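Subject: Handing over a structure, with notes

Dear colleague,

I am passing on the structure below, and after it you will find my notes on what came out of looking through it. Please read them with the structure open beside you.

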Amino acid sequence: MARIGFIGLGNMGGPMAANLVKAGHEVLGFDLAAPVLKAAEESGVKPASHASQAVKEAEIVITMLPQGKHVLTAWTDILQSVAQGMLVIDCSTIDVESSRRAHEMAKAASCLSLDAPVSGGTGGASAGTLTFMAGGSEEAFAKAKPILEAMGKKIVHCGEAGAGQAAKICNNMILGISMVGVCEAFVLAEKLGLSHQALFDVASTSSGQCWSINTYCPVPGPVPTSPANNDYKPGFAAALMLKDLRLSQEAALASGASTPLGAEAAQLYALFEKLGNGGRDFSAIIEMFREKT
Ligand code: NAD
């Protein structure tokens, strides 16, 4: 069993660290927010008073932080406090450029590094069923895999530094675009007098099928577990979808990729958030289309 330093114990990091404890690892945790650190302590994480204390003598360090700037700040601290050869894993969803910079910082400190953002939300974090998309060397991936398996059920090595972040934002750009498309189709069906169930029965088994309709249907009824049946409580908050769509557009701009539907989806989610819906599930955007028609 390993000694693990865990930095960022919020909605995702808290349950992920708890699963590492359950798997028998020794986890030293740090978070800037005292109540968050206290909650982690209750699940068996040993609280540290500073990031450097959490990572000292750790064999592996994991960060789960909001944005690239937080990761770079935390990694600057961490890399000053750890031994050469140690592995640092960033599980946050951040921009590809910051991720690659973090890898370079680790390399300069003679440490192994992996970007390993996740899919599966807070439910997957609690249940230990996350999907990890990893970027980094074979050596770093091989060392990280048994640790990630305590928190997830699918661990995919996507390529070199930054490849995990690239996979994450490409996947979530598809998700944002497909959810908008599915919502538009249900609003059109309503105008045409077609029932939700009839559209679902056809589209979920025809060429329109996708995760946004089959698993996460944005209207109540056809898929009883979707947030539409629970007043659009997240689930996956619209603010997080907007964050990921913005990351995809930054990456598209930097790389010269043409993503017109990704750009449109980002604008629609920006408007949806501006209207006060950032904390609601991202499938609630269907209401905005109803209001517009
Ligand atoms: P969160 O805001 O709940 O947690 C982040 C934590 O980081 C906070 O508790 C904050 O106090 C702490 N923090 C910030 N800077 C710090 C620092 N320098 N040192 C120590 N602690 C610091 O966010 P979350 O929902 O846990 O998301 C974390 C990451 O996971 C984000 O990048 C997010 O996009 C990604 N993600 C979230 C979900 C989800 O459903 N919530 C799903 C997939 C991916």
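To begin in the sheet, M133 stands opposite V156 in strand 9, and the chain gets from strand 8 to strand 9 through helix 7 (residues 138-148), in a β-α-β crossover that is right-handed. Here helices (H or I, at least four residues) and strands (E, at least two) are DSSP runs, numbered from the N terminus, and a crossover is called right-handed if, with the strands pointing away from the viewer, the path from the first strand over the helix to the second runs clockwise. Strands 8 and 9 run parallel and are joined by six bridges, where two strands count as paired if DSSP finds at least two bridges between them.

Before going further, please note that this is a predicted model, in which local features need pLDDT of at least 70 and side-chain atom pairs count only at pLDDT 80 or more, while totals for chains, interfaces and linings use all residues. Residues are numbered from 1 along each chain as its sequence is written.

Strand 9 (residues 152-159) also holds I155, which is partly exposed because 19 other C-beta atoms lie within 10 Å; for this term, a residue is buried if 20 or more other C-beta atoms lie within 10 Å of its own, exposed if 12 or fewer, and partly exposed in between, with C-beta atoms placed from the backbone. I155 and L130 are 25 residues apart in sequence, and their C-alpha atoms are 8.5 Å apart in space.

On its way through the sheet, strand 8 (residues 130-136) is antiparallel to strand 6, with two bridges joining them, and D115 has G135 of strand 8 as its bridge partner.

Strand 4 (residues 60-63) pairs with strand 5 in the parallel sense over four bridges, V61 stands opposite V88, and strand 4, helix 4 and strand 5 form a right-handed β-α-β unit.

L20 and V45 are 25 residues apart in sequence and 9.0 Å apart in space, C-alpha to C-alpha.

Turning to the ligand, 26 residues are around it, of which G8, G10, N11, M12 and S92 come nearest; a residue is near a molecule if its C-beta atom, placed from the backbone, lies within 6 Å of it. Helix 4 (68-81), helix 6 (121-127) and helix 11 (238-255) each supply at least two residues of this shell, and helix 4 gives the most, with three. Domain 1 (3-160) and domain 2 (166-292) both give residues to the shell, so the ligand lies between them, the domain bounds coming from an automatic or database domain assignment.

The unreviewed UniProt entry places "domain: 6-phosphogluconate dehydrogenase NADP-binding" at residues 3-159, a stretch that is 44% helix and 26% strand. For residues 162-288 the UniProt record lists "domain: 3-hydroxyisobutyrate dehydrogenase-like NAD-binding", and there the chain is 63% helix and 0% strand. UniProt positions are in the numbering used here, feature names are shortened, and annotations may be inferred rather than shown by experiment.

Finally, the loop between helix 10 (211-214) and helix 11 contains G235, and the peptide bond from P234 to G235 is cis, with omega near 15 degrees. D231 lies in this loop between helix 10 and helix 11 as well, and has a positive phi of about 55 degrees although it is not a glycine.

With best wishes
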